[in-house]
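This report covers a sheet, a set of salt bridges and a pocket, in that order.

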Amino acid sequence: MVAAVLAGALPAAPQEYVLGPGDVVEVTVVGEPQLSGLFTIRPDGRITLPLLGDVVAAGQTSRQLAETLAQALRRYVRNPQVSVNLRQPSPRRQFVYLLGQVARPGAYEYLAGWTVAELLAAAGGPTPKAALRRAVILRRDTAIRVDLEALLVKGNPEANVRLEPGDVLIVAEIDERVHVLGEVARPGYQEWRDGDRVLDVITKAGGLTIKAAPERISILRDDGALTVDLLAFLYRGQVDQNVPVRSGDIIFVPETENRVVVLGQVAKPGSYFFRPGDRVTDLLSAAGGPTPRAALSEVGVIRQNGEPPTIITANLVKFFRDGDTKQNVAVKPGDVIYVPDRPDVNWTAVLAAIREMTVLYLLFR
């Protein structure tokens, strides 16, 4: 039945990466360093090589391109030995990833409409050690349980989850372990012992990272899923939230949504973890402090809880010089702190630039 489902999902041979515009390839001609190097496939699908000039690379696999180049070089080099390796895929190409107990784990180029069955077929199917009922898809900060037994053995089409670019399908192994994923110090399998609870397993995984959201931990198991609030156990003593763990459970610790973006004249612009009570100076310190060009008299806090966003200005010169604590504005999750390089800021232009560059999307996705 498994073979029938996989054959019906994708009858073609296992997928090989097909080169396209924007990909960077390394061409090596043995004994001919002047003919070797890194080449970027242009929008017209071609690369330009010494002696050969323009060669069509798009639409071929690395192996096929190596054969094409070897054939063309025979006019100039005796018995040329050519290899082609993909060094950097085009950022415009999209992938899904398959890990764990499958024949060929790895990255696969996403095809529109792809489902779990098609991805498994491209990867040669699950191994005999696969825990079919405990597969999981990681999609951004969400874990989606997938019952591969229902899909591959029972042929249940409802279990054939449709994939999205960037999805990671993990097929666990059958054993006495617990799989811990997400924001822990050492993600991976941890030994399971009878009596273990959520906090015990997370401690074995090195504890939570600073990005963790312990109030939204998911536990995926054969008979369903549950969400636990470990903060409620740690700070309010709600012992029911530190639930017992079963062998084979998948524990997923998502990333917190409590982030603040710091942009402009700071040492390390970027996205930073928000702690309750944080103020502008706390986030500037996390970002390495202001640069010498920073105009601290008109720091902006852009609050995106409305349309258009609200801009709160903070005069940190007054805060540091005069002790005016009102200037050290309280920050909220989702805020953007912008430190300009001059006091006469055109905030309309700043907002337009941030949106045009899609900075917020890149930092928060």
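Two strands count as paired if DSSP finds at least two bridges between them. The model discussed here is predicted. In it, strand β18 (residues 299-303) is joined to β19 by five bridges, and the two run antiparallel. Within this pairing, R303 stands opposite T310 in β19.

Both strands belong to an open sheet of five strands with mixed pairing, in the order β17-β16-β20-β18-β19. The edges are formed by β17 (270-273) and β19 (310-314), each of which pairs on one side only. From one strand to the next, the twist averages 25 degrees.

The structure holds 17 salt bridges. Three of them are listed here.

| Salt bridge | N to O distance |
|---|---|
| R42 and D54 | 3.4 Å |
| R221 and D249 | 2.5 Å |
| D229 and R236 | 3.6 Å |

R221 lies in strand β13 (residues 217-221) and D249 in the loop between α6 (230-236) and β15 (250-253), so this pair ties together parts that are 28 residues apart in sequence. Because buried means under 20% relative accessible area, R221 counts as buried at 9%, and D249 does too at 2%. R42, in contrast, is partly exposed at 27%, as is D54 at 45%. R236 is exposed, with 55% relative accessibility. Salt bridges with shared partners also join R139, R140, E164 and D167 into one network.

The second largest pocket holds about 160 Å³ of space. Its lining residues are six nonpolar, two polar and one charged; among them are E215, N258, F273 and F274.

How values were computed. Residues numbered from 1 in each chain as written. Predicted model: local features only at pLDDT ≥ 70, side-chain atom pairs only at ≥ 80, totals over all residues. Heavy atoms only, no water. 1 Å grid on protein atoms, 1.4 Å probe; cavity = no way out; pocket = protein on both sides within 12 Å on 5 of 7 lines; lining within 4 Å. Points joined across faces, edges and corners; volume = space filled by probe spheres on them. Nonpolar A, V, L, I, M, F, W, Y, C, P; charged D, E, K, R; others polar. Helix = DSSP H or I, 4+ residues; strand = E, 2+ residues; numbered from the N terminus. Axes fitted to C-alpha atoms, helices over the stretch in contact; angles between N-to-C directions. Salt bridge = Lys/Arg side-chain N within 4 Å of Asp/Glu carboxyl O. Buried < 20%, exposed > 50% of the residue type's maximum accessible area, 1.4 Å probe, protein only.
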